[in-house]
Amino acid sequence: MKRKALAQVRTLTRGNGVEKDSIHIIKENSSTVNCEAITHLELNHETLEKQQKGQHQIGDVIESAAALPKIIDKLSTDALKNTDMRKAMANMLLSRSDKGFSIHAEEFEIEPLSKEFCYFQPCEPCQGHKKTTCPACNGQKIMQCNKCYGRTTISCNFCHGNGITRGSDGVEKQCNRCFGKRSIKCTHCQSRGSITCRKCNGTGDTKCSTCGGVGVFTHMIKVFFKIKTLFEIDRASLPHPAVKIIEDKGSKLVKDGHIKIQGEPVKREDGGLAIQYNVQFPYTALDIGINGKPFKIHMFGFKAKMLKVSNFLNQLIEKNYALLIRAANNDGNVVAHIRKASKTRMIGEGLLFSVTMRPKKAMMALKKKFPIGASNELIKDIIVQSNKALINISRKSHFTGLAIGLVITAIINAAYFFLPVRHIVSGLLGETIALTAIDFSLILLGGGITMMLSKYMAASPLKKALSPLMSDQQHTTFKPINHNSQWPAFAGSVVIFIIMVALTTITSAVTLHWIGF
């Protein structure tokens with residue numbers, strides 16, 4: 001473990017102002033840690049219930065929902081008493097690659113214990129009789145005649161209710177159908193004013209719409225049993241730095257071989273089930289001398305995982321980091337400061353990441369290179385200060401590229417509007433949407449040219465400043481990110497386009513059909 005610690009420290013410090021021979025062990029305190037841990041397995045359950053019309057036997061039939069809690073309690077008790085079932089529940093965890101170690105507050109379904117039940121309940125509206133009072137006649141079996149509306153007579157359709165008719169000679173005479181009474185007996189209800197209810201056919205009741213006429217519902221319940229894990233470890237037996245990593249990542253540590261465990265099922269005093277673990281791993285606390293300064297490192301597990309490490313890189317790069325800050329503040333010769341600062345590998349990596357990646361991605365990349373030995377604040381500050389320093393280097397070239405690009409954009413716009421270019425295009429296309437699209441494409445063309453020139457010219461001083469840090473391949477594929485080239489390039493292109501359009505309108509050099517005035 002001591003050799004692995006030295007190897008990892010030497011890897012991290014390489015190129016960061018430390019000679020290989022200046023790293024040595026001052027003090028070593030190694031031991032093998034043995035401790036106990038336990039995972040309690042609590043048996044819980046969930047129910048899934050649905051109902052269906054009719055009587056269907058699914059699983060075991062019970063009297064009612066009220067009987068279910070006692071049945072579930074008995075199933076739980078019997079499962080914990082059953083040796084085979086206890087063994088099956090324990091093996092669900094022990095058969096895993098991590099043996100269920102350090103798994104806390106997670107649930108696992110026990111399929112063999114799942115069970116289905118059902119009970120039957122009469123339909124409430126019809127009380128199991130399958131029929132309900134007819135809503136149309138309210139059980140009276142008859143309903144008002146829908147032709148005479150209970151009056152027993154209807155208007156005479158021969159004389160249209162006038163009582164008289166006019167003959168072919170034009171003479172009025174008494175209606176020989178209603179005899180002047182204007183109404184006749186209703187033939188639909190035989191002058192009774194009511195008819196047999198059509199909905200129930202005179203029975204007074206209809207098929208229950210709630211249950212579909214079956215009179216009963218089947219309530220189906222599926223009970224899922226689950227074990228819930230409650231993990232505990234003897235914290236007092238563990239080195240303090242190891243407690244959190246075991247509780248947070250214990251299962252991964254077992255999978256990766258950092259710690260060894262032996263687990264077996266045990267019966268708790270209350271009759272419950274648990275898995276008892278014996279945990280073993282090597283642990284070493286080292287005092288390492290780097291450039292004559294002592295730093296503490298804690299090594300953990302059979303693969304020598306560094307747990308708690310002093311931020312030794314913060315101190316080792318302190319001098320060159322100050323140069324990077326000066327470059328970021330534009331204090332003195334920025335290029336010279338960057339070249340001196342980048343001789344420290346950590347700062348050099350940060351500069352290369354900053355020039356080719358977005359800040360957040362650059363921070364992640366630098367953290368991956370230096371996972372320990374440097375504070376997160378230092379990692380973040382290196383990227384922030386690197387970005388500022390690189391902007392200082394490329395600012396002049398960046399603005400020069402913008403200026404040249406915008407001049408070219410102005411020339412292209414002037415040529416298009418004031419020379420015969422647009423007139424020729426208009427003659428070919430006419431005043432159409434296509435011509436409008438070509439007009440406005442000048443904005444994209446000018447913005448694109450300006451942005452590319454700005455990025456190209458800004459890349460040159462960046463490449464020159466960072467050249468000592470780059471490999472041959474990086475020299476070839478070097479594509480810096482210019483965070484500030486897009487919006488000014490396109491904003492400038494828009495302004496130039498508007499000015500040219502305004503001048504064109506004032507001078508009437510070209511008639512722009514889409515302006516609208």
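**Exercise 1.** Find which lysines of helix α2 are exposed, and state which residues are buried.

*Solution.* The model is predicted: local features need pLDDT of at least 70, side-chain atom pairs count only at pLDDT 80 or more, and totals for chains, interfaces and linings use all residues. Residues are numbered from 1 along each chain as its sequence is written, and side-chain values use heavy atoms, without hydrogens and water. The buried residues of α2 are Leu-68, Ile-72, Ser-76 and Ala-79. Seen down the axis, these fall within an arc of 75° (directions from the helix axis to the C-beta atoms), so they line one face of the helix. An α-helix has 3.6 residues a turn, so residues three or four places apart point the same way. The cover over the buried residues includes β1, α3 (83-94), β4 (115-122) and β13 (216-233).

**Exercise 2.** State where Thr-39 lies and what is in contact with it.

*Solution.* Leaving aside neighbours within four places in sequence, its contacts (heavy atoms within 4.5 Å) include Leu-93, Gly-100, Phe-231 and Tyr-277.

**Exercise 3.** Describe how β14 and β15 are joined.

*Solution.* Strands β14 (residues 260-267) and β15 (residues 273-290) run antiparallel, joined by 8 bridges (strands pair if DSSP finds at least two). Gln-262 has Asn-278 in β15 as its bridge partner. The hairpin has 5 residues between the strands, and Gly-271 takes a positive phi near 90°.

Technical notes. Helices (H or I, at least four residues) and strands (E, at least two) are DSSP runs, numbered from the N terminus. Buried means under 20% relative accessible area, exposed over 50%, partly exposed in between (1.4 Å probe, protein chains only).
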